[in-house]
Amino acid sequence: MKRFLFVMALLLAYTISGMAQTDRQYIRSGNKYYRQQNFVKAEAEYRKSLSVNPENPQALYNLGCALVMQKKDSVAVQQFEKAAKIETGRMRKAKIYHNIGFVCQSHKLYGDAINAYKESLRNNPADNETRYNLALCQRLNKSEQNRNKNNQNKNKDKQKKDKDKKQDQNKNKNNNKQDKENKEKQQEKMSRDNAEQLLNAAMQNEQATQRRVKDAMRQTRSRKLDKNW
(Lines give C-alpha, C1' and ligand atoms only; values in the text may rest on other atoms or scores of the structure.)
Protein backbone atom coordinates (compact mmCIF):
# COMPACT_ATOMS: atom_id res chain seq x y z
CA MET A 1 0.00 0.00 0.00
CA LYS A 2 1.55 3.27 -1.08
CA ARG A 3 0.60 5.46 1.87
CA PHE A 4 -0.36 4.77 5.45
CA LEU A 5 -2.19 7.72 7.02
CA PHE A 6 -2.22 11.48 6.73
CA VAL A 7 -1.41 12.14 10.35
CA MET A 8 1.33 14.46 11.48
CA ALA A 9 0.91 16.93 8.65
CA LEU A 10 -2.67 17.49 9.63
CA LEU A 11 -1.91 17.47 13.35
CA LEU A 12 0.47 20.39 12.87
CA ALA A 13 -1.42 22.13 10.08
CA TYR A 14 -4.66 22.61 11.97
CA THR A 15 -5.17 26.07 13.42
CA ILE A 16 -7.57 26.50 16.25
CA SER A 17 -9.13 29.85 16.89
CA GLY A 18 -11.89 30.95 19.18
CA MET A 19 -11.75 27.80 21.35
CA ALA A 20 -11.19 27.65 25.06
CA GLN A 21 -7.62 27.40 26.28
CA THR A 22 -8.27 23.98 27.83
CA ASP A 23 -9.51 22.69 24.48
CA ARG A 24 -6.28 23.71 22.76
CA GLN A 25 -4.19 22.36 25.60
CA TYR A 26 -5.80 18.92 25.39
CA ILE A 27 -5.19 18.72 21.66
CA ARG A 28 -1.58 19.85 22.02
CA SER A 29 -1.04 17.36 24.81
CA GLY A 30 -2.56 14.63 22.68
CA ASN A 31 -0.32 15.54 19.75
CA LYS A 32 2.71 15.32 22.03
CA TYR A 33 1.77 11.80 23.15
CA TYR A 34 1.01 10.85 19.56
CA ARG A 35 4.48 11.88 18.38
CA GLN A 36 5.89 9.75 21.22
CA GLN A 37 3.75 6.87 19.88
CA ASN A 38 1.90 6.71 23.17
CA PHE A 39 -1.42 6.32 21.41
CA VAL A 40 -3.41 5.34 24.50
CA LYS A 41 -2.60 8.61 26.27
CA ALA A 42 -3.07 10.54 23.04
CA GLU A 43 -6.55 9.07 22.71
CA ALA A 44 -7.37 10.09 26.28
CA GLU A 45 -6.28 13.70 25.64
CA TYR A 46 -8.28 13.97 22.43
CA ARG A 47 -11.37 12.66 24.23
CA LYS A 48 -10.87 15.33 26.90
CA SER A 49 -10.79 17.92 24.15
CA LEU A 50 -14.05 16.58 22.74
CA SER A 51 -15.63 16.69 26.18
CA VAL A 52 -15.05 20.44 26.08
CA ASN A 53 -16.07 20.84 22.43
CA PRO A 54 -17.73 17.78 20.78
CA GLU A 55 -17.82 19.59 17.42
CA ASN A 56 -14.06 20.07 17.10
CA PRO A 57 -13.07 18.44 13.76
CA GLN A 58 -9.38 18.41 14.66
CA ALA A 59 -9.97 16.51 17.89
CA LEU A 60 -12.23 14.05 16.05
CA TYR A 61 -9.68 13.52 13.29
CA ASN A 62 -6.74 13.14 15.66
CA LEU A 63 -8.75 10.75 17.81
CA GLY A 64 -9.45 8.66 14.73
CA CYS A 65 -5.73 8.50 13.94
CA ALA A 66 -4.89 7.42 17.50
CA LEU A 67 -7.55 4.71 17.33
CA VAL A 68 -6.23 3.39 14.01
CA MET A 69 -2.76 3.08 15.54
CA GLN A 70 -4.35 0.90 18.25
CA LYS A 71 -6.13 -1.22 15.60
CA LYS A 72 -9.53 0.07 16.69
CA ASP A 73 -10.49 0.61 13.08
CA SER A 74 -14.29 0.56 13.23
CA VAL A 75 -14.38 3.18 15.98
CA ALA A 76 -11.74 5.21 14.16
CA VAL A 77 -13.85 5.35 10.99
CA GLN A 78 -16.75 6.68 13.06
CA GLN A 79 -14.57 9.54 14.30
CA PHE A 80 -13.32 10.28 10.77
CA GLU A 81 -16.89 10.39 9.46
CA LYS A 82 -17.91 12.83 12.20
CA ALA A 83 -14.91 15.00 11.39
CA ALA A 84 -15.74 14.96 7.66
CA LYS A 85 -19.27 16.24 8.33
CA ILE A 86 -17.98 19.16 10.38
CA GLU A 87 -14.78 20.06 8.54
CA THR A 88 -15.11 22.90 6.03
CA GLY A 89 -11.55 23.03 4.68
CA ARG A 90 -11.32 21.09 1.42
CA MET A 91 -7.69 20.00 1.87
CA ARG A 92 -8.30 18.77 5.40
CA LYS A 93 -11.52 17.06 4.32
CA ALA A 94 -9.54 15.30 1.56
CA LYS A 95 -7.11 13.94 4.16
CA ILE A 96 -9.98 12.69 6.32
CA TYR A 97 -11.54 10.77 3.44
CA HIS A 98 -8.14 9.42 2.45
CA ASN A 99 -7.80 7.86 5.91
CA ILE A 100 -11.30 6.38 5.72
CA GLY A 101 -10.29 4.84 2.39
CA PHE A 102 -7.10 3.48 3.91
CA VAL A 103 -8.91 1.75 6.78
CA CYS A 104 -11.48 0.21 4.42
CA GLN A 105 -8.75 -0.91 2.03
CA SER A 106 -6.84 -2.61 4.86
CA HIS A 107 -9.95 -4.70 5.57
CA LYS A 108 -10.48 -5.48 1.87
CA LEU A 109 -13.67 -3.42 1.81
CA TYR A 110 -12.74 -2.22 -1.64
CA GLY A 111 -16.14 -0.77 -2.54
CA ASP A 112 -16.16 1.48 0.54
CA ALA A 113 -12.51 2.37 0.02
CA ILE A 114 -13.21 3.39 -3.59
CA ASN A 115 -16.03 5.69 -2.49
CA ALA A 116 -13.85 7.30 0.19
CA TYR A 117 -10.90 7.83 -2.17
CA LYS A 118 -13.19 9.38 -4.78
CA GLU A 119 -14.55 11.79 -2.18
CA SER A 120 -11.00 12.64 -1.18
CA LEU A 121 -10.12 13.45 -4.80
CA ARG A 122 -13.20 15.63 -5.17
CA ASN A 123 -11.77 17.81 -2.44
CA ASN A 124 -8.18 17.57 -3.63
CA PRO A 125 -7.90 16.46 -7.28
CA ALA A 126 -4.14 16.99 -7.26
CA ASP A 127 -3.42 14.20 -4.74
CA ASN A 128 -1.68 11.58 -6.87
CA GLU A 129 -1.15 9.17 -3.98
CA THR A 130 -4.89 9.00 -3.30
CA ARG A 131 -5.43 8.51 -7.04
CA TYR A 132 -2.94 5.62 -6.97
CA ASN A 133 -4.75 3.98 -4.04
CA LEU A 134 -8.07 4.43 -5.84
CA ALA A 135 -6.78 2.71 -8.98
CA LEU A 136 -5.32 -0.11 -6.88
CA CYS A 137 -8.61 -0.68 -5.06
CA GLN A 138 -10.51 -0.66 -8.34
CA ARG A 139 -8.26 -3.41 -9.71
CA LEU A 140 -8.50 -5.43 -6.50
CA ASN A 141 -12.25 -4.99 -6.39
CA LYS A 142 -12.62 -6.18 -9.97
CA SER A 143 -10.43 -9.22 -9.28
CA GLU A 144 -12.49 -10.07 -6.22
CA GLN A 145 -15.73 -9.75 -8.16
CA ASN A 146 -14.40 -12.07 -10.87
CA ARG A 147 -13.26 -14.53 -8.21
CA ASN A 148 -16.66 -14.43 -6.53
CA LYS A 149 -18.35 -14.93 -9.90
CA ASN A 150 -16.15 -17.95 -10.63
CA ASN A 151 -16.90 -19.37 -7.19
CA GLN A 152 -20.62 -18.87 -7.78
CA ASN A 153 -20.36 -20.70 -11.12
CA LYS A 154 -18.43 -23.52 -9.44
CA ASN A 155 -21.07 -23.73 -6.72
CA LYS A 156 -23.81 -23.86 -9.36
CA ASP A 157 -21.98 -26.65 -11.20
CA LYS A 158 -21.50 -28.54 -7.95
CA GLN A 159 -25.16 -28.11 -7.04
CA LYS A 160 -26.18 -29.38 -10.49
CA LYS A 161 -23.87 -32.38 -10.19
CA ASP A 162 -25.19 -33.11 -6.70
CA LYS A 163 -28.75 -32.83 -7.98
CA ASP A 164 -28.04 -35.15 -10.93
CA LYS A 165 -26.31 -37.58 -8.60
CA LYS A 166 -29.27 -37.57 -6.23
CA GLN A 167 -31.65 -38.11 -9.12
CA ASP A 168 -29.56 -41.04 -10.32
CA GLN A 169 -29.51 -42.47 -6.81
CA ASN A 170 -33.29 -42.11 -6.54
CA LYS A 171 -33.67 -43.68 -9.97
CA ASN A 172 -31.45 -46.60 -9.00
CA LYS A 173 -33.29 -46.92 -5.72
CA ASN A 174 -36.62 -47.04 -7.54
CA ASN A 175 -35.23 -49.55 -10.03
CA ASN A 176 -33.91 -51.71 -7.22
CA LYS A 177 -37.26 -51.50 -5.47
CA GLN A 178 -39.06 -52.47 -8.68
CA ASP A 179 -36.64 -55.34 -9.24
CA LYS A 180 -37.21 -56.51 -5.69
CA GLU A 181 -40.98 -56.33 -6.12
CA ASN A 182 -40.77 -58.23 -9.41
CA LYS A 183 -38.57 -60.86 -7.81
CA GLU A 184 -40.97 -61.22 -4.88
CA LYS A 185 -43.91 -61.55 -7.28
CA GLN A 186 -42.01 -64.16 -9.28
CA GLN A 187 -41.14 -66.06 -6.12
CA GLU A 188 -44.75 -65.84 -4.99
CA LYS A 189 -45.94 -67.13 -8.36
CA MET A 190 -43.42 -69.96 -8.20
CA SER A 191 -44.62 -70.79 -4.70
CA ARG A 192 -48.21 -70.93 -5.89
CA ASP A 193 -47.24 -73.08 -8.88
CA ASN A 194 -45.27 -75.42 -6.62
CA ALA A 195 -48.17 -75.62 -4.23
CA GLU A 196 -50.55 -76.47 -7.06
CA GLN A 197 -48.14 -79.08 -8.38
CA LEU A 198 -47.81 -80.64 -4.94
CA LEU A 199 -51.56 -80.60 -4.50
CA ASN A 200 -52.12 -82.20 -7.88
CA ALA A 201 -49.47 -84.81 -7.12
CA ALA A 202 -51.09 -85.54 -3.77
CA MET A 203 -54.50 -85.87 -5.40
CA GLN A 204 -53.09 -88.18 -8.03
CA ASN A 205 -51.41 -90.30 -5.35
CA GLU A 206 -54.63 -90.46 -3.40
CA GLN A 207 -56.57 -91.51 -6.49
CA ALA A 208 -53.99 -94.16 -7.25
CA THR A 209 -54.17 -95.40 -3.69
CA GLN A 210 -57.94 -95.57 -3.85
CA ARG A 211 -57.69 -97.55 -7.09
CA ARG A 212 -55.25 -99.97 -5.51
CA VAL A 213 -57.56 -100.42 -2.51
CA LYS A 214 -60.53 -101.09 -4.77
CA ASP A 215 -58.51 -103.54 -6.83
CA ALA A 216 -57.41 -105.31 -3.68
CA MET A 217 -60.98 -105.51 -2.40
CA ARG A 218 -62.18 -106.99 -5.71
CA GLN A 219 -59.43 -109.55 -5.62
CA THR A 220 -60.38 -110.51 -2.08
CA ARG A 221 -64.01 -110.96 -2.97
CA SER A 222 -63.02 -113.04 -5.97
CA ARG A 223 -60.91 -115.35 -3.84
CA LYS A 224 -63.72 -115.79 -1.31
CA LEU A 225 -66.12 -116.68 -4.04
CA ASP A 226 -63.71 -119.29 -5.33
CA LYS A 227 -63.63 -120.95 -1.95
CA ASN A 228 -67.38 -121.13 -1.83
CA TRP A 229 -67.36 -123.03 -5.00
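I count a residue as buried when its relative accessible area is under 20%. The model I have open is predicted. By that cut-off, buried residues make up 31% of the 229 residues in the protein chain.

**Overall fold.** I looked up the secondary structure next. The protein chain has eight helices and zero strands. From the N terminus on, I read the elements as α-α-α-α-α-α-α-α. I then took the contacts between residues at least 6 apart in sequence; 54% of these join residues at least 24 apart.

**Helices α3 and α4.** I turned to α3, residues 39-52, and α4, residues 57-69. Their axes come within 9 Å and cross at roughly 155°. Angles over 145 degrees count as roughly antiparallel, so I note α3 and α4 as roughly antiparallel to each other. Their crossing is left-handed.

Which residues of α3 and α4 meet? From α3 I list Phe39, Ala42, Glu43, Tyr46, Arg47, Ser49 and Leu50. On the α4 side they meet Ala59, Leu60, Asn62, Leu63, Ala66, Leu67 and Met69. I sorted the residues of this contact into ten nonpolar, two polar and two charged.

**Asparagine 56.** I went to the loop between α3 and α4, where asparagine 56 has its place. Is asparagine 56 buried or exposed? Its relative accessibility is 5%, so I count asparagine 56 as buried. I checked its side chain for polar partners. A polar atom there lies 3.2 Å from the backbone nitrogen of alanine 59. Leaving aside neighbours within four places in sequence, I find asparagine 56 in contact with Asp23, Ile27, Ser49 and Leu50.

Methods. Residues numbered from 1 in each chain as written. Predicted model: local features only at pLDDT ≥ 70, side-chain atom pairs only at ≥ 80, totals over all residues. Heavy atoms only, no water. Axes fitted to C-alpha atoms, helices over the stretch in contact; angles between N-to-C directions. Helix = DSSP H or I, 4+ residues; strand = E, 2+ residues; numbered from the N terminus. Parallel < 35°, antiparallel > 145°, perpendicular 65-115°, else oblique. Left-handed = near helix turned anticlockwise from the far one by under 90°. Contact = heavy atoms within 4.5 Å. Nonpolar A, V, L, I, M, F, W, Y, C, P; charged D, E, K, R; others polar. Buried < 20%, exposed > 50% of the residue type's maximum accessible area, 1.4 Å probe, protein only. Polar contact = N/O pair within 3.5 Å; in protein donor to acceptor, adjacent residues only side chain to side chain.
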